[in-house]
Amino acid sequence: MATSSQSCGVCDLRHLTKPSIVWCTECDEGLCTECKEHHSLSKSSRSHYVIPFTEYQKLPADILKITQYCTKHDKKYQMYCKKHACPCCSKCIVDSHKECRDFVELDDAIHNIKTSNVMCEIEETLVEVAENLQKIRQHQTENLTTFKESRMEIEKEMKTIRININKHLDTLQDDLIKQLYAREEKENSKILQLLSSLEKQEKEIAECQRNFMNIKQYATDLQVYLSIKKIEEEVYIQNQFLLSLKESKNFKQLLVFI
């Protein structure tokens, strides 16, 4: 069975080592310049879809593991078992799915998967989560400045009043300023922790978006179809973080503090 090696799969069989310049999604192997030319002229492979090998390598590692061929029997997948949510070759059906009844042809199952509603919904959710995270981070960054400006303004006013007040009020003033500093430090600490968490989440959602776009652009329909549930789970986790953040007590307190 072909692998995702950087060397040409055909040349490997001839005990030659040549770098792949394209990846054939049908043959599940890389092709060098010479083999690519023969591949494009051969009647059996001229209709195969190939992509630049550099683009193929952009796909996430778990997507690259999904191939057109059964790893157990080295035969091309033909059917999809809905009961076990897996593709099957002809031998798989006989060996492991004798009792299964809910099969569909794999070509029908993956047809137009990249333009399906579920892919559009995932992409829209990723964009929405990324935008909301950015808005929250910007708001909290602004809060840091607002806290400082508010404290400085109050401190300035208190210093003006201090000229005309007695020692007792001076003590009260000092206590108030200390409280203001303590409150600012406490709220700043909360915001900085939140910002750190938001930055981490933004990096994760950005990585998720990059992987999604690479999958959508370069993965085969089969790879997309078999990875769609995992992608949905990742998007759900990112969205849940955002929802939990909006409902958290500390976050609501930060929004109304000023």
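Analyst: Ring pairs link Trp23, Phe53 and Tyr56 into a cluster. Rings of Phe, Tyr and Trp (its six-membered ring) pair if their centres lie within 6.5 Å; planes under 30 degrees apart count as stacked, over 60 as edge-to-face and the rest as tilted. Please note that this is a predicted model, in which local features need pLDDT of at least 70, side-chain atom pairs count only at pLDDT 80 or more, and totals for chains, interfaces and linings use all residues. Residues are numbered from 1 along each chain as its sequence is written, and side-chain values use heavy atoms, with hydrogens and water left out.

User: How many aromatic pairs are there by this rule?
Analyst: The count is four aromatic pairs. One of them, Trp23 with Tyr56, is stacked, at 4.1 Å centre to centre and 10° between the planes. Trp23 belongs to strand β1 (residues 22-24) and Tyr56 to helix α3 (residues 53-56), so this pair ties together parts that are 33 residues apart in sequence. Helices (H or I, at least four residues) and strands (E, at least two) are DSSP runs, numbered from the N terminus.

User: Is Trp23 buried or exposed?
Analyst: Trp23 is buried, with a relative accessible area of 3%, and Tyr56 is likewise buried at 4%. Buried means under 20% relative accessible area, exposed over 50%, and partly exposed in between (1.4 Å probe, protein chains only).

User: What about the rings of Phe53 and Tyr56?
Analyst: That pair is tilted, because the planes stand at 40°, with the centres 5.6 Å apart. Phe53 and Tyr56 are three residues apart in helix α3, which means that about one helical turn separates them. Phe53 is buried as well.

User: Changing topic: how many salt bridges does the count give?
Analyst: Seven salt bridges are counted, a salt bridge being a side-chain nitrogen of Lys or Arg within 4 Å of a carboxyl oxygen of Asp or Glu. One of them joins the side chains of Lys18 and Glu34 at 3.1 Å, N to O. This pair links distant parts of the chain, with Lys18 in the loop between α1 (9-13) and β1 and Glu34 in helix α2 (residues 33-41), 16 residues apart. Lys18 is partly exposed at 29% relative accessible area, and Glu34 is partly exposed at 38%.

User: Where does the bridge between Glu202 and Arg137 sit?
Analyst: The side chains of Glu202 and Arg137 meet at 2.3 Å, N to O. Glu202 lies in helix α8 (residues 167-218) and Arg137 in helix α7 (residues 117-162), so the bridge ties together parts that are 65 residues apart in sequence. Glu202 is buried, at 15%, whereas Arg137 is partly exposed, at 23%.

User: And which distance separates Glu207 and Arg210, N to O?
Analyst: Their salt bridge spans 2.6 Å. Both residues are in helix α8, three residues apart, which means about one helical turn. Glu207 is partly exposed at 35%, as is Arg210 at 47%.

User: Lastly, how many helices and strands does the chain have, and what share of its residues is buried?
Analyst: The chain has ten helices and six strands, and 36% of its 258 residues count as buried. Among contacts (heavy atoms within 4.5 Å) between residues at least 6 apart in sequence, 62% join residues at least 24 apart.
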